Amino acid sequence: MVRQTTISPDDFIYPMFVTHGKGIRKEISSMPGCYQESIDELIKNAKEVYSLGIPSVILFGIPEHKDEMGSSAYDDNGIVQNAIKAIKDSIPELYVITDVCMCEYTSHGHCGFIDKGEVDNDKTLSLLAMEAVSHAKAGADMVAPSDMMDGRVGAIRAAMDREGFSNVPIMSYAAKYASAFYGPFREAAESTPQFGDRRSYQMDPANRREALKEVALDIEEGADIVMVKPALSYLDVISDIKSSFAVPVAAYNVSGEYSLIKAAGKLGWIDEDRIMMEILISIKRAGADLILTYFAKDAAKILND
Ligand SMILES: [Zn+2]
């Protein structure tokens, strides 16, 4: 009765990695329990996710083909687009969010269009808008731009409104830090930059107030939900955003945060289940309304018990 914070499976969004082929379920070595899956396997897994009471998944695509322009990202027959259609056919109630970015689809692994060795912010906007519209056309319930280009929420909102998807909301990765905690994800999504790094468009971990500025801009451009990424080293940022803005706040409990616990758990150095639950409740306590987490299925099993 006096507990001040609770978590439940319906706080969770489960990230999934979809790849080409059939019958493929390849475990990501640095993220035990997480897989790259072909659509047929993804559907089986998504059914389990939904049956555990987790209302939503976010999809990341591993395309067959990468090029300079990341053209598979906005191909209506692309891997994510086909995965959305398949999920909507078999589990229509599962809320499907799509990651909107270029880095999974570009040969250079950057989140945008490269001109003279640098990411061209403004040229990237139209590609991101095309990608978001293509996901919405396939049936995505919400799109989530993760690139951190300036002006992308506005560009995506305008394009989706123009194409008849004004009811599809945007969850923006508003405060995304240039973090080493993304390491294992890059293996999962095969999206390591081939040169340089992402520090020119992601935020400096030392900056707290800058997050408020980024969030304010995204809300002004039309973001419906704002996200902080990563979660654990940025609980202060989650708290600041929650107390400063009225929109729902999401937090991404990222791959490195997951891998650390899985590894220490495997070595028997920590009580993995208890630490997982403690971390998830700390993210919620800090102010997150929604938690994107690779722990979603494990935590839901415990919560449902
Ligand atoms: Zn990216």
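## Annotated lysines and cysteines in a predicted model

K176 touches S146, M148, Y182, Q202, M203 and K229, leaving out residues up to four places away in sequence; contact here means heavy atoms within 4.5 Å. The model is predicted, so local features need pLDDT of at least 70 and side-chain atom pairs count only at pLDDT 80 or more, while totals for chains, interfaces and linings use all residues. Residues are numbered from 1 along each chain as its sequence is written, and side-chain values use heavy atoms, with hydrogens and water left out.

K176 is found in strand β9 (residues 171-176). Strands (E, at least two residues) are DSSP runs, numbered from the N terminus. A polar atom of the K176 side chain lies 2.9 Å from the backbone oxygen of S146. A polar contact is a pair of N or O atoms within 3.5 Å; within protein, one must be able to donate a hydrogen and the other to accept it, and residues adjacent in sequence count only if both atoms are side-chain atoms.

UniProt lists K176 and K229 under "active site" in an unreviewed entry. These residues are spread over 54 residues of sequence but cluster in space, with a largest C-alpha distance of 4.8 Å. The lining of the largest cavity includes K176 and K229. A cavity is a set of points, on a 1 Å grid over the protein atoms alone, where a 1.4 Å probe fits but cannot get out; lining residues have an atom within 4 Å of a point. UniProt positions are given in the numbering used here, feature names are shortened, and annotations may be inferred rather than shown by experiment.

K229 belongs to strand β10 (residues 225-229). Among its contacts beyond four places in sequence are Y173, A175, K176 and Y252.

The UniProt feature "binding site", also from an unreviewed entry, is placed at C101, C103 and C111. Of these, C103 and C111 are included in the lining of the largest cavity. C101 sits in the loop between β5 (95-100) and β6 (114-115), and C111 is placed in the loop between β5 and β6. Outside four places in sequence, C101 contacts A73, C111, L128, E131, S146 and D147. The corresponding list for C111 includes C101, C103, D147, R198 and Y201.

Buried means under 20% relative accessible area, exposed over 50%, and partly exposed in between (1.4 Å probe, protein chains only).

| Residue | Relative accessible area | Class |
|---|---|---|
| C101 | 0% | buried |
| C111 | 1% | buried |
| K176 | 6% | buried |
| K229 | 6% | buried |

Terms used
1 Å grid on protein atoms, 1.4 Å probe; cavity = no way out; pocket = protein on both sides within 12 Å on 5 of 7 lines; lining within 4 Å. Helix = DSSP H or I, 4+ residues; strand = E, 2+ residues; numbered from the N terminus.
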